[in-house]
Amino acid sequence: MKILVCGKGGSGKSTVTAMVAKSMAKRGYNVLVVDSDESNFGLHRQLGLGMPEDFTNYLGGKKALGEKMMQAFQKGDPISIFENKWQISDIPKAYAVEKGNIKMMAIGKIHNFGEGCACPMGALAKNLLKNMETTSEEMIFVDTEAGIEHFGRGVEEGCDLVLMILDPSYESVRLSEKIIELVEKAGKPLYFILNRADEIGIQLMKDAVDETHILASIPSSLEVFRAGFAGEELNIELPEIESISDFLVSGISS
Ligand SMILES: Nc1ncnc2c1ncn2[C@@H]1O[C@H](COP(=O)(O)OP(=O)(O)O)[C@@H](O)[C@H]1O
Ligand SMILES: [Mg+2]
């Protein structure tokens, strides 16, 4: 199963992705976490891993990829980067970091001032995910950049399920309206995770989204905050994260 995690900046996408990925790995699944956020440099630390090399380099770098895209665009061809289907085990070792049954790769980061937009990364993320195949013992999580640009790039096309993380804010609720519309158009199932919400926050968000599609409400946790602030591995077990994993497992077996 391939899962896209989205939401506004700071809502907890990377935190929840790392914790659910760890929980699934503990349950024995082979997990791949794809960091598709070109501006976040902390996900590998939350997973307790080193920083992987940008996957864009596998294809000759961002510039070469951008040129390939431009040529395809001029010819009116679809942008096709991979010829064959890939399994998690096909990710070249140089572009993955791993520990036990959890692996992480990063599509690419913006490293330098003026190096151009992130469109080639979006095209690569989309192509990679469409190309990846998972077995019933494997799970891929894609941690996206804030907002909805990845929907514009069509990254969700290769995913089986979209998870939106909502924090109790005006921006999250407004963004959820847009995401509901976009995910419906893409024909993908959409579920919500409420994060850092107290009782009132939970009630307000339940009024904004389909309550039956809320998988969990994760409370604000001092332990999570401290580990996040220190850039430490998230070795924290929360019952709400286990509920999300239970749901994903039931989705795989059904
Ligand atoms: N449930 C939580 N309790 C406490 N702190 C949290 C919680 N979820 C996220 N955080 C903190 O909020 C900040 C933003 O989280 P992050 O996962 O980086 O958001 P995003 O990836 O959506 O930008 C981080 O400092 C993280 O440690
Ligand atoms: Mg993030």
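Visitor: So a polar contact is a pair of N or O atoms within 3.5 Å; within protein, one must be able to donate a hydrogen and the other to accept it, and residues adjacent in sequence count only if both atoms are side-chain atoms. What is 3.0 Å from an oxygen atom of ligand 1?

Guide: A polar backbone atom of Gly12. This is a predicted model, where local features need pLDDT of at least 70, side-chain atom pairs pLDDT 80 or more, and totals for chains, interfaces and linings use all residues. Residues are numbered from 1 along each chain as written, chains are lettered from A and ligands numbered from 1 in written order, and side-chain values use heavy atoms, leaving out hydrogens and water.

Visitor: Which side chain has an N or O atom 2.8 Å from an oxygen of ligand 1?

Guide: Lys13. Asn195 also takes part, with a side-chain N or O atom 2.9 Å from a nitrogen of ligand 1.

Visitor: New topic: how many aromatic pairs are there?

Guide: Seven in the whole structure. Rings of Phe, Tyr and Trp (its six-membered ring) pair with centres within 6.5 Å: stacked under 30 degrees, edge-to-face over 60, otherwise tilted.

Visitor: Why is the pair of Tyr58 and Trp86 edge-to-face?

Guide: Because their planes stand at 70°, with the centres 5.9 Å apart. Phe55 and Tyr95 join Tyr58 and Trp86 in a cluster linked by ring pairs.

Visitor: Is Trp86 buried or exposed?

Guide: Trp86 is buried, at 11% relative accessibility (buried is under 20%, exposed over 50%, partly exposed in between, with a 1.4 Å probe and protein chains only). Tyr58 is partly exposed at 38%.

Visitor: And how do Tyr191 and Phe247 pair?

Guide: They are tilted, 4.7 Å centre to centre with 55° between the planes. Tyr191 is buried at 16%, while Phe247 is partly exposed at 24%.
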